[in-house]
Amino acid sequence: MPAGDLLIGDVFRSAARSVPGRVAAALDGAELTFSDLDAGANSYGRALAARGVGRGDRVVVWSATNLDTLKVFAGAAKLGAVFAPLSSALSAGEAAPVAAAVCPAVLVFDPDRAEAAQQVAARAGATALGLADLAAAAAQEDAAADLSCGQLREDDPHVIFFTSGSTGRPKGVVISHRVSYLRTHPGALLEPRGAMVCPYPLFHMGAWTIALQQWQARDRVVLLSAFDAAALGAAIQDHRATRLNCIPAIWRRLLDHVQTAAGQALDLSSVRVADTGTSATPLELLEAIRAAMPNANLRVFYGSTEAGPVAMLEDGDVTRKPGSCGVVVPTADVRIDVTGELWVRGPLLFDGYYDDPAATAEAVVDGWYRTGDLAEVDDEGYLTIVGRARDVIRTGGETVSPLEVEQVLTMHPQVADVAVVGLPDAQWGEVVCAVVVPADGAAPPELSELQAHCAGRLARFKHPRRLAVVDTLPRTASTNQVQRRLLAERLG
């Protein structure tokens, strides 16, 4: 290994050497120390190697959250194999083309997916490998002797995360060891950090980002076997967690639970850092987080799987700059092109989409990643995302950002969730349609009520002209983004 290469396997070696008995991960009462995790990396990596997996081979993992998957992740990193987590929510029919897209050497699966995994592996041309069988094989390997791939370099691929747009097969976002390392590094000097509860499943980039952040800082990540607001609140209390990162939808569910009798008994005072982002974050939600966790420093992030972190709104600016995602982080450089689209470059960009040069060439131009987000920057340098370049609605010669309308409609008391799409119209070209999930216990709002709510907040041409009421909104499994195109097709 050349001096100075940033390799994820070294995260486990270093922590096991320095703090072997410290807890690295906890789940449902079970724990892994850093010594356990490093030993697991050695034994699971050797078990994968015995099945023909080597440097650069893809290891697709299709499993619910469990501690053994952490060992597969660590073992693949030391072996030089590429870890590619697949959503456990997918059916066999949905999972097969996604797995096949990265040509895996093996498909690792848990018992709940045993029968379906055989179909998925066969279509992908991969060896199907049960997680229990892999664990049994790893138990026969030498866990004490360090596993190392001598040819591994920091620009070798480390992970592939599947990210999807409004329609079509998800693309495989390739991230190198160096980029994974830099995105999660805590700085030159370690400071007391505390436990962090992770509400995301282990196919989600956010889960592995949180885990690596904690492991590089030599502290624990607390996982949940399945998301439940009560379980999340209990984990925060039981582990005296100091950090929490949730998308707005999860924050809402946790805050709703906090209002119940059981939730009011929770002690969440240990939380010192409360993060959110990835989608519209109304001021009322941020104020509710602050009320529930008064000791926490509140932050809003903007970024993506492809770009990593791009901007952050700090606690002191939450009220002063509502709707903004803050100022650009030091590791990113941004520009806004003539169409209003935000472009990003810097050392944390992904390496491209796996085996998809056309999609990569469209997304990355002269080293700049085209986010697809429409953005504005104010005179103080604060960034605001105002919509998606491909999602804009053109009605009567005017351009409407769905995100802008959603941010207003989200504040209506009868609205729990909302998406705004454009529907074809002979007179206007397109009309603004609000697709609403009613608040629990509330009657669905009337279109006239939503229009009245928009009055004084939005120009009239941005008001919804049609209303659809649904139980849930279709969202992508990997990024939780609303599938607007799918909604428009259904309604159209």
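## Where two helices meet

Which residues in helix 1 meet helix 3, and which residues in helix 3 do they meet? In this predicted model, Gly9, Phe12 and Arg13 come from helix 1, and their partners in helix 3 are Phe73, Ala74, Ala77 and Lys78. By class, the residues of this contact are four nonpolar, one polar and two charged.

Two packed helices are described by the angle between their axes and the distance between the axes. Here the axes of helix 1 (residues 9-18) and helix 3 (residues 67-79) come within 8 Å and cross at roughly 110°. Angles of 65 to 115 degrees count as roughly perpendicular, and helix 1 and helix 3 are therefore roughly perpendicular to each other.

Next comes an open sheet of nine strands, with mixed pairing and the order 2-1-10-9-11-12-13-14-15. Its edges are strand 2 (30-33) and strand 15 (327-328), each of which pairs on one side only.

Strand 1 (residues 23-27) pairs with strand 2 in the antiparallel sense, over four bridges. Val23 has Thr33 in strand 2 as its bridge partner. Helix 10 (residues 248-258) packs on the sheet, where it touches strand 11 (243-245) and strand 12 (273-277). The direction of helix 10 makes about 130° with that of strand 12.

## The second largest pocket

The second largest pocket has a volume of about 340 Å³. Its lining has 17 residues, and those nearest the centre are Pro322, Gly323, Ser324, Gln407 and Met411.

Strand 21 (383-388) and helix 14 (402-409) each supply at least two residues of this lining. Sorted by class, the lining has nine nonpolar, five polar and three charged residues.

Terms used
Residues are numbered from 1 along each chain as its sequence is written. This is a predicted model: local features need pLDDT of at least 70, side-chain atom pairs count only at pLDDT 80 or more; totals for chains, interfaces and linings use all residues. Side-chain values use heavy atoms; hydrogens and water are left out. Axes are lines fitted to C-alpha atoms, for helices over the stretch in contact, and angles run from 0 to 180 degrees between N-to-C directions. Angles under 35 degrees count as roughly parallel, over 145 as roughly antiparallel, 65 to 115 as roughly perpendicular and the rest as oblique. Contact means heavy atoms within 4.5 Å. Ala, Val, Leu, Ile, Met, Phe, Trp, Tyr, Cys and Pro count as nonpolar, Asp, Glu, Lys and Arg as charged, and the others, Gly among them, as polar. On a 1 Å grid over the protein atoms alone, a cavity is a set of points where a 1.4 Å probe fits but cannot get out, and a pocket is an open set with protein on both sides within 12 Å along at least five of seven lines; lining residues have an atom within 4 Å of a point. Grid points are joined across faces, edges and corners, and a volume is the space filled by probe spheres set on the points. Two strands pair if DSSP finds at least two bridges between them.
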